[in-house]
Amino acid sequence: MSAEYSLEILTPERQFFQGQVQALTIPAPDGELTVLAGHAPLIVPLVVGVLRIKQEDSWKEAFTSEGFMEVRADGVLVFSQACEWPQEIDARRAQAAERRAAERLRQKRSMAEYQLAQGNLARALNRLRVSGRG
């Protein structure tokens, strides 16, 4: 078994996860970033995507939205606007959100509305991917 460290993931609504882990992979602006035990201190933003946690030699996936991660000597702390396990994702709601966002992108509105629709579409698609229905 690999070396472990403490991981805590918080959202505005709840403590999503707390425990000892072997690895954490997050979606970052430049691609995925994996943290192992002994990683150098770091603060990095999170983007919408799939977060992966390795515990007891097994990987678990969850949806995550925007936030940031802090790697410290005593562990890793993640703050995210939303995190959901696959069983928590309402696939019908995510599919409806995907359709709404795709339609808004097609309507060619202002740049701010376009960027909002892009973000909504990314969240919906990643929720569907994590839930196994995308």
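Mentor: Five strands form an open antiparallel sheet in the order β4-β3-β6-β7-β10. Strands are DSSP runs of E with at least two residues, helices are runs of H or I with at least four, and both are numbered from the N terminus. This is a predicted model, in which local features need pLDDT of at least 70 and side-chain atom pairs pLDDT 80 or more, while totals for chains, interfaces and linings use all residues. Residues are numbered from 1 along each chain as its sequence is written, and side-chain values use heavy atoms, without hydrogens and water.

Trainee: Which are the edge strands?

Mentor: Two strands pair if DSSP finds at least two bridges between them. An edge strand pairs on one side only, and here these are β4 (31-36) and β10 (83-84).

Trainee: Which residue in β7 stands opposite L51?

Mentor: β6 and β7 are antiparallel partners over seven bridges. Opposite L51 stands A62.

Trainee: What is the phi of E56?

Mentor: E56 sits in the loop between β6 (49-55) and β7 (58-64). Most residues other than glycine have a negative phi. E56 is not a glycine, yet its phi is positive, about 50°.

Trainee: Is D57 buried, partly exposed or exposed?

Mentor: D57 is in the loop between β6 and β7. Buried means under 20% relative accessible area and exposed over 50%, with partly exposed in between (1.4 Å probe, protein chains only). The relative accessibility of D57 is 49%, so D57 is partly exposed.

Trainee: What is the relative accessible area of R100?

Mentor: R100 belongs to helix α1 (residues 91-106). R100 counts as partly exposed because its relative accessible area is 44%.
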